[in-house]
Amino acid sequence: MANKKSLRKAEENKTFSVKELLSPNVRITALFVIAFVLLATVTVISLTGRGSAMAESEKLAAAAQTQAAEGETNGSEGKLALPERGVEDGIEVPGVAVEDFPEKSTLVSASDNVNIEAVERESTEETVVKKAPATSAMLTVPFDGTLSYGDDHEAVAEIQKRLMELSYMGNDEVTEHFGPITRDAVKSFQRRNEMDVTGKVDGKTYRALMSDDALVYMMMAGDDGDDVASIQDRLYEMGYMSIKPTGYFGETTEDAVKEFQKNNDLAVDGKVGTETKDRIFSEDATPNVWGKGDSSEALIPYQKKLIKLGYLSAEADGEYGSATKAAVRRFQDRNGLPKDGYLGPKTIEVLMSSDAVANAYAIGDDCDEVEDIQKRLYKLGYVRKSSITGYFGSATEYAVKAFQKRNDLSADGRVGAKTLKKLMDDDAKKPSSSYKFYGEGSGSGSGSGSGSGSGSDSSNTGSASVSKLIDAAKSRLGCRYVTGGKGPDKFDCSGLVYWCLNKAGVKQSYLTSYGWRSVSKYQRISDIDNLKAGDIIVFYGHVGIIVSGSDMIDASSTNGKVVRRSFKGSWSRNNFICGYRIFD
């Protein structure tokens with residue numbers, strides 16, 4: 001009985017223990033315990049997966065580094081690859097630094113066979129994140145990390161493009177050849193940006209060139225080269241320098257530039273930037289020489305020479321008035337000098353030489369005197385009334401030649417002193433009864449041979465003039481490109497056009513490519529597809545001569561020489577401003 005009672009007591013105690021566990025407080029505690037166990041289990045599983053991901057990312061990073069090392073000795077042949085788009089902000093590869101372009105190594109970019117986004121980001125001393133230059137592209141350079149003179153490489157095109165943007169090179173279609181002009185431009189860039197002047201593009205120069213902080217072109221003290229000589233030549237011509245060009249930008253040149261800037265309302269810093277350079281070659285530049293309003297007996301010998309050459313009809317009185325200024329401008333235009341109307345050292349030098357070209361009106365002239373000549377030719381019967389325009393074109397040249405032949409003069413198509421005198425004489429002979437106007441007959445037709453031409457500019461006379469220009473341009477093919485070069489064996493783009501026009505008999509004063517944008521004396525062509533042989537084509541920062549329906553000849557900075565090439569490509573169309581029809 002006692003045993004039964006004891007067993008019952010024990011059972012009751014056991015039943016009491018279970019009830020105790022199922023009380024509210026105990027149940028809450030139990031739930032917390034269970035939740036903790038479950039959370040711990042999930043965490044263990046997560047950490048295991050994370051460890052696997054980390055292991056995988058480390059494998060990927062190691063693969064990237066191995067791929068780079070193999071590229072040194074195998075597929076890349078020791079070439080340094082610059083990033084295609086650069087490593088994006090916030091994406092990095094452990095162990096790969098992009099702060100510098102390392103020598104003889106390969107950078108991993110978004111285009112490589114590595115899933116960069118899958119690599120775990122970790123902050124280590126070896127990892128550096130830096131935004132790539134906005135202008136960067138997929139470029140590669142030789143094994144030693146540099147590009148230099150004579151190299152041919154796809155990276156050169158981007159380098160040239162950037163140098164043009166910063167005005168270190170004239171605007172031109174880029175190439176993959178690292179020529180002398182590219183080398184000199186790199187030197188100027190390095191000097192301007194206070195770097196070691198090597199003329200070579202290594203990682204440091206490349207980064208500086210592509211940086212938003214890159215300084216634009218500026219000629220300054222310490223520079224040397226043909227571009228310096230061209231500036232000195234013009235400063236000498238305007239009376240700011242008393243010595244002829246040396247090609248070295250020293251203290252004398254710096255002082256001359258400062259004086260020029262002061263007289264032309266420019267910032268006075270003694271450096272030649274784009275604005276100062278354009279003003280130096282402008283017809284509106286204020287020189288430091290004799291000009292309108294000046295008075296001196298020393299002017300009389302120069303006025304007498306202008307009278308002798310047929311440029312000045314007024315008296316030589318030592319007064320620099322409107323007539324003398326107009327005569328000087330006309331002389332400068334006929335002798336290939338910048339037409340500013342001032343009498344400076346260079347103008348005086350040419351004026352007083354035996355090579356001074358006498359006054360004569362010819363193709364390209366546009367003035368009241370030409371209109372008077374056309375009126376007289378019309379009265380005599382050599383031109384139609386519609387030809388009285390004031391512009392001396394092919395129709396006027398044709399008529400002048402016919403007049404000269406008829407009146408026993410040298411038939412060169414120019415109206416000089418002798419031709420002008422005979423033209424105005426009462427006994428000037430009219431054309432014969434068989435005379436055909438410009439654009440009529442087989443002698444001056446449209447080139448079809450039908451004798452019923454429509455007055456196009458392809459007449460024998462016009463074609464002869466166009467042929468002279470094209471022949472002059474072809475004769476210069478291969479000549480070296482030199483900044484400021486005006487011939488006969490070295491040119492820049494403006495210098496080639498200037499030299500060829502004058503060689504063809506069109507007396508055109510020197511203009512920079514910028515100056516060619518606003519020429520008014522020639523017919524302006526606004527559609528590149530309407531250009532034809534003999535026209536001048538004008539781009540942003542560049543000019544050339546059209547020699548066929550698809551080709552031009554120009555002095556190319558990127559090719560380093562005078563070349564013949566198409567003007568119908570994308571670069572030409574994107575940079576085209578206008579054309580000018582020299583021969584109507």
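## Nonpolar cores

The largest nonpolar core of this predicted model has 94 residues, and those with the most contacts inside it are L163, L235, L377, W516, Y580 and I582; a nonpolar core is a set of buried Ala, Val, Leu, Ile, Met, Phe, Trp, Tyr and Cys residues joined through side-chain atoms within 4.5 Å. Helix α17 (residues 493–503) gives this core its largest share, seven residues. A second, separate core of 16 residues includes Y302, V350, L351 and A356.

W516 touches V497, L501, Q508, L511, Y522, I536, V538, V543 and Y580, leaving aside residues up to four places away in sequence, where contact means heavy atoms within 4.5 Å.

## The chain and the basis of the values

The protein chain has 18 helices and 10 strands, which are DSSP runs numbered from the N terminus (helices H or I, at least four residues; strands E, at least two). Of its 584 residues, 46% are buried; buried means under 20% relative accessible area, exposed over 50%, and partly exposed in between (1.4 Å probe, protein chains only). Among the contacts in the chain with a separation of 6 or more, 56% are between residues 24 or more positions apart.

The model is predicted, and local features need pLDDT of at least 70, side-chain atom pairs count only at pLDDT 80 or more, and totals for chains, interfaces and linings use all residues. Residues are numbered from 1 along each chain as its sequence is written, while side-chain values use heavy atoms, with hydrogens and water left out.

Just after α17, G505 takes a positive phi of about 100°.

Q261 lies in helix α7 (residues 251–263) and is buried, with a relative accessible area of 0%. The side chain of Q261 reaches the backbone oxygen of K271 at 2.9 Å, and the residues that Q261 touches, not counting those up to four places away in sequence, include L266, D269, K271 and T276. N575, in helix α18 (residues 570–575), is buried at a relative accessible area of 14%. A polar atom of the N575 side chain lies 2.9 Å from the backbone oxygen of W571, and N575 touches N171, V538, F539 and Y540, again without counting residues up to four places away in sequence.

## Backbone features in the loops

Most residues other than glycine have a negative phi, and most peptide bonds are trans. S167, in the loop between α3 and α4, has a positive phi near 70° although the residue is not a glycine, and at 34% relative accessibility S167 counts as partly exposed.

D408, which is not a glycine either, has a positive phi of about 60°; D408 lies in the loop between α13 (394–406) and α14 (417–424) and, at 66% relative accessibility, counts as exposed. A cis peptide bond with omega of about 5° joins G487 and P488, and P488 is found in the loop between β3 and β4 (490–491).

Technical notes: Polar contact = N/O pair within 3.5 Å; in protein donor to acceptor, adjacent residues only side chain to side chain.
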